[in-house]
Amino acid sequence: MGGFAPDDEAPVFVISVAAQLAGMHAQTLRQYDRLGIVSPSRTRGGGRRYSARDVALLREVQRLSQEEGVSLAGIQRILELENQVRALRSRVGELTEELQAMRDAVGLSGRVFAVGRAGDVVAVRPGQRPMRSSNGSQALVVWRPGR
């Protein structure tokens, strides 16, 4: 189904025009509204107003019903799941941005660890060399979780 421009959300079509654009009867649109499959905006007087997004959704419902043989209950579930996926993708994007902002604020894109003189693990700054041990070893251990 894809993304929509802000104008696609504007409720501009009366039910007869939306039905014609979607290739359906107005009564079918009323039924879909009652079932909660495609719910248009309402005017103060209660008249339905459909957006370009609503019309595209009506076409998709018709395609699923006629070409794929999906029941109305199945279509309703598909649309619910698509909305959940869209919301989850948005949330993942927000969390990814938040994580990157936190990493930027701390100044680290990751943490670097080295083995100290006594064999213990110590954190060092990226680009910093660990202090040399008395035995001459220059071993460096880099751990990157999830890679």
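I start with E9 and R53, whose side chains meet in a salt bridge, 3.6 Å from N to O. A salt bridge here is a side-chain nitrogen of Lys or Arg within 4 Å of a carboxyl oxygen of Asp or Glu. E9 lies in the segment before α1 and R53 in helix α3, so the pair ties together parts that are 44 residues apart in sequence. E9 is partly exposed, at 45% relative accessible area. For these classes, buried means under 20% relative accessible area, exposed over 50%, and partly exposed in between, with a 1.4 Å probe and protein chains only.

Before going on, the provenance. This is a predicted model, in which local features need pLDDT of at least 70 and side-chain atom pairs count only at pLDDT 80 or more, while totals for chains, interfaces and linings use all residues. Residues are numbered from 1 along each chain as its sequence is written, and side-chain values use heavy atoms, with hydrogens and water left out.

The salt bridge count is seven. Another of them joins R42 to D33, with the closest N and O atoms 2.7 Å apart. D33 is buried, at 12% relative accessible area, whereas R42 is partly exposed at 45%. Together with R48, these two residues are linked in a network of salt bridges. A further pair is R91 and E94, at 3.1 Å between the closest N and O atoms. Both lie in helix α4, three residues apart, about one turn of the helix.

Now the overall layout. The chain has four helices and four strands, in the order α-α-β-β-α-α-β-β along the sequence. Helices (H or I, at least four residues) and strands (E, at least two) are DSSP runs numbered from the N terminus. Of the 147 residues in the chain, 21% are buried.

Next, helix α1, residues 15-22. Which of its residues are buried? They are I15, A18, A19 and A22. Seen down the axis of α1, they fall within an arc of 100°, so they line one face of the helix; the arc is that of the directions from the helix axis to the C-beta atoms. Their cover includes α2 (26-35), β2 (48-49) and α3 (52-66). After α1 comes G23, with a positive phi near 75°.

That brings me to the core. A nonpolar core is a set of buried Ala, Val, Leu, Ile, Met, Phe, Trp, Tyr and Cys residues joined through side-chain atoms within 4.5 Å. The largest one has 17 residues, of which L29, I37, V38, Y50, L58 and V61 touch the most other members. Helices α1, α2, α3 and α4 (72-106) each supply at least two residues of this core. The largest share, five residues, comes from α3.

Which residues does L58 touch, not counting those up to four places away in sequence? They are A22, M24, L29, Y32, V38 and Y50, where contact means heavy atoms within 4.5 Å. Q62 lies in helix α3 and counts as buried at 19% relative accessibility. Leaving aside neighbours within four places in sequence, Q62 is in contact with A22, G23, M24 and E67.
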